[in-house]
Amino acid sequence: MRPHNAKRWLVTTITAAACLAGTAVSAAPTHAETTPPQANNWNCRPSAAHPNPVVLVHGTTANSALNWWVLSPELADAGYCVFTFDYGMTPLSMGLVGGLGDIARSAETMRVFVDKVLAATGASKVDVVGHSQGGMMPHYYIKRLGGAAKVDTLIGLAPSNHGTTARGLVELADAARLTGWITDAYTLLGYPGGIQQTVGSDFQKALFADGDTVPGVRYVVIQTRNDRVVTPYTNAFLQGGDVTNILIQDQCPSNPVGHVGLALDSPTQQNILNQLGRGGPDFTPTCTDFGPSF
């Protein structure tokens, strides 16, 4: 990781952790900072070496600037056309963070944005890199909204594929017969995207009822054993089709990176560049500059 500014790195990581914990902090990103560095250059034209524009998809309680201020310039400096967008805003977002709304509607936002990227760049397909919900929501776009014809590779960082148990809270709610009440409460509060990411939700069952993958799309999952948001961490992994599942500790055993930290983790960034460049399966990153452990 190459933090452009140490103070900004600290503020961003603390903010991200607080957001995922459901806590609002004064350091939250503002409307003035809605796009990460070197993203959304609508005059960018893909090169022969990198023919697919890269679309970055942020996670729950984040936005594109918060999630991608490190990776966006890394990809642009490597020669990629980089694009990103915000989605899933509800009144609960207070104009700051997304990923809260209904996931099917968020996928529709993605559909419109990808079409805009393809029209602007002249490319026929995009590659997608998503974090957390941003790695799972594109499955709906690919499987239900025609995205399979427009996505070459989907890379998910700790994606909420197959849902999360929220470290046992989902099972506890089921046992107490509170699931229906909690679902209604989340929807009323303007956060249906949260309950849709839990294990056994109607959304998860419907999305993956016909399998994890579709033909023609290449899938990569990069996950950490230290994930405390998507639990168990193995739920992130996919089966079938053209799938590569990477557990970051298999490459760097001492890497303490957590769920949020994957977006700031150098070995993860190296894996992303390798996968986008269609590098070999035996790739081993340099195990330095680890992301934070939360």
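Colleague: Why are β1 and β3 called a pair in this predicted model?

Modeller: Two strands pair if at least two bridges are found between them. β1 and β3 have 4 bridges, in the parallel sense, so they are called a pair. V55, for instance, has V128 in β3 as its bridge partner.

Colleague: What is the order of the strands in the open sheet?

Modeller: The 6 strands follow the order β2-β1-β3-β4-β5-β6, with parallel pairing. From one strand to the next, the twist averages 15 degrees.

Colleague: Why is one side of β2 and of β6 left without a neighbour in the sheet?

Modeller: β2 and β6 (242-247) each have a single partner strand and stand at the edges, so one side of each has no neighbour in the sheet.

Colleague: Which strands does α4 lie across?

Modeller: α4 lies across β1, β2 and β3. Relative to β2, α4 runs at about 155 degrees.

Colleague: What makes V57 and M110 members of a nonpolar core?

Modeller: Membership requires a buried residue of a listed type, Val and Met among them, joined to others through side-chain atoms within 4.5 Å. V57 and M110 belong to the largest nonpolar core, of 34 residues, and are among those that touch the most other members. Elements that each supply at least two residues of this core include β1 (54-57), α4 (103-121) and β3 (126-131). α4 gives the most, with 7 residues.

Colleague: Which residues does M110 touch, not counting those up to four places away in sequence?

Modeller: M110 touches V57, F85, V128, M137, P138 and Y141.

Definitions and conventions
Residues are numbered from 1 along each chain as its sequence is written. This is a predicted model: local features need pLDDT of at least 70, side-chain atom pairs count only at pLDDT 80 or more; totals for chains, interfaces and linings use all residues. Side-chain values use heavy atoms; hydrogens and water are left out. Buried means under 20% relative accessible area, exposed over 50%, partly exposed in between (1.4 Å probe, protein chains only). Contact means heavy atoms within 4.5 Å. Axes are lines fitted to C-alpha atoms, for helices over the stretch in contact, and angles run from 0 to 180 degrees between N-to-C directions.
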